[in-house]
Amino acid sequence: MYKAIVIDKQDGNYVATLNEVTGSELMPGDVDIDVLYSTLNYKDALAITGKSPVVRHFPMVPGIDFVGKVSTSSHPDYQPGQFVILNGWGVGEKHWGGLAQKARVNGDWLVPLPTQFEAKDAMAIGTAGYTAMLCVMALERHGVTPERGEILVTGAAGGVGSVAVAILSKLGYSVTALSGRVEQEAQFLSQLGAQNVIHRSELEGAGKPLAKERWAGVVDVVGSHVLANACASTQYGGVVAACGLAGGMDLPATVAPFILRGVTLAGIDSVMCPKALRVEAWQRLASELELNKLNMIAHEITLNEVIATAADLLDGKVRGRVIVDVN
Ligand code: NDP
C-alpha cells in the first residue's frame with residue numbers, strides 16, 4: 001500500500017482525496033519509480049479542483065511531474081537506483097501521476113536527473129520551470145539577444161513566470177515583470193532579477209491592434225487580452241513565446257503585429273515536447289539557473305496539504321513554485 005492523491009467522479013463532480021492504493025493498481029509501464037518529490041502546477045490544480053476537464057479517466061492520480069529513484073526497470077536506458085525526472089506525456093491526465101509515493105511509466109518518457117541537481121532541486125523547477133526554459137530557448141532560436149531590448153514576463157510571480165525572470169536575468173536580458181500583485185511581489189521579482197515591475201492592469205482589457213513598440217521578446221503565461229496587448233507592443237521582428245492561459249484561453253488579437261511588424265508568435269508545449277529538447281532544457285537549467293534563486297522561488301508542502309493548496313493556486317495566491325514531499 002502507498003499514499004496517493006486520487007481524483008474520482010461522483011455525481012458529475014470531481015472529488016479529490018488523499019488515499020491508500022495498492023501497487024497492483026498502477027498503470028502499465030516498463031519502469032517503476034519510488035517518487036521522492038512532485039509539485040503542484042497550474043494544470044494539477046485544475047485537475048484536483050475539477051475546474052477544467054484535465055483528467056481523461058477515473059480514478060486518476062494527478063501530478064504532471066515527479067522526481068524519483070528507479071526501483072525496477074525493463075527499459076534498456078534505466079537501472080534500479082538511478083534518479084529520473086518526468087514531465088508531461090499525459091501523466092496526471094490519462095496515466096497515473098506523481099502526487100503519489102510510487103509511479104510506473106514508459107521509460108521513454110523519463111529524463112535522467114542532471115548530476116548538478118539534488119532530487120528536490122528538480123522539483124523546485126518542475127514542469128513550470130522547464131517550460132520557462134523552453135520559452136527562453138524559443139526566444140533565442142528566433143534571434144532575441146539581450147542587446148535587442150526589454151523582455152516582458154507575464155504572470156511573473158507564478159511558477160513559470162518566476163523561473164523565467166530568474167533565467168532571463170542570469171542570461172543578461174533586461175526583464176520587465178508583469179504582475180497582478182505588485183505591492184506584495186515587487187521586491188521578490190526584483191530579487192529574482194527583474195529590472196522593472198509593472199501592474200497587470202497596464203496590459204489588461206481590449207487594446208489597440210498596434211501599440212508603442214516596447215518588447216524585444218515576451219514570455220506569456222496569461223493568454224487573452226494580456227497576450228494580445230503584448231503582441232501589439234512587441235518591437236519590429238520581436239518574438240512572443242505563448243505557453244499559458246492563466247487569464248483566459250481566448251486570443252482577442254488582430255494580425256497587425258504579425259503582418260506589419262514581423263512579430264513571431266511561438267507556441268510552447270511541454271507535454272509532448274521531443275526528448276532531445278527536454279534533455280537540452282534540463283541541462284541548461286542545471287547550468288544557468290542559480291540555486292539560491294530557486295530557494296527563493298520554491299516552498300515545500302506535504303501530500304496532506306495538496307488539495308487545499310490547489311484552490312489557493314488557482315486563486316492566484318501562491319508565490320513561485322510548490323514542491324510536494326510525497327513521503
Ligand atoms: P501559477 O498559478 O503558478 O502562475 C500563474 C500566474 O499568472 C499567477 O501567479 C498570476 O501571476 C497570473 N495570473 C493568475 N490568474 C490570472 C488572471 N486571471 N489574469 C492574469 N494573470 C493571472 O501557474 P504556472 O506558472 O504553473 O502556469 C502558468 C500558465 O502556464 C498556466 O496557464 C499553465 O497551464 C501554463 N503552463 C503551460 C505549459 C505548457 O506546456 N504550455 C506548461 C506549464 C504551465 P501574478 O500574480 O504575478 O499576476
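**Ligand shell and nonpolar core**

User: Why is the ligand in this predicted model said to lie between two domains?

Analyst: Domain 1 (2-113 + 295-325) and domain 2 (125-267) both give residues to the shell around the ligand, so the ligand lies between them.

User: What makes a residue part of that shell, and which residues are the closest?

Analyst: A residue is counted if its C-beta atom, placed from the backbone, lies within 6 Å of the molecule; 32 residues surround the ligand, and the closest are Gly155, Gly158, Ser179, Gly244 and Gly247. The elements that give two or more residues to this shell are helix 1 (42-49), helix 2 (119-141) and helix 3 (159-170).

User: How do the residues of the shell divide into nonpolar, polar and charged?

Analyst: The shell holds 15 nonpolar, 13 polar and 4 charged residues, with Gly counted among the polar ones.

User: What makes a set of residues a nonpolar core, and which members of the largest one touch the most others?

Analyst: Its members are buried residues of the kinds Ala, Val, Leu, Ile, Met, Phe, Trp, Tyr and Cys, joined through C-beta atoms within 7 Å. The largest such core has 109 residues, of which Ala132, Cys135, Ile151, Val153, Ala164, Val165 and Ala241 touch the most other members. Helix 2 supplies the largest share of this core, 13 residues, and because domain 1 (2-113 + 295-325) and domain 2 (125-267) both contribute residues, the core lies between them.

User: Which residues does Val165 touch, leaving aside those up to four places away in sequence?

Analyst: Val165 touches Val153, Ala156, Val175, Ala177, Leu189, Leu192, Gly193 and Ala194.

Terms used. Residues numbered from 1 in each chain as written. Predicted model: local features only at pLDDT ≥ 70, side-chain atom pairs only at ≥ 80, totals over all residues. Helix = DSSP H or I, 4+ residues; strand = E, 2+ residues; numbered from the N terminus. Domains from an automatic or database assignment. Buried ≥ 20, exposed ≤ 12 C-beta atoms within 10 Å, placed from the backbone. Contact = placed C-beta atoms within 7 Å.
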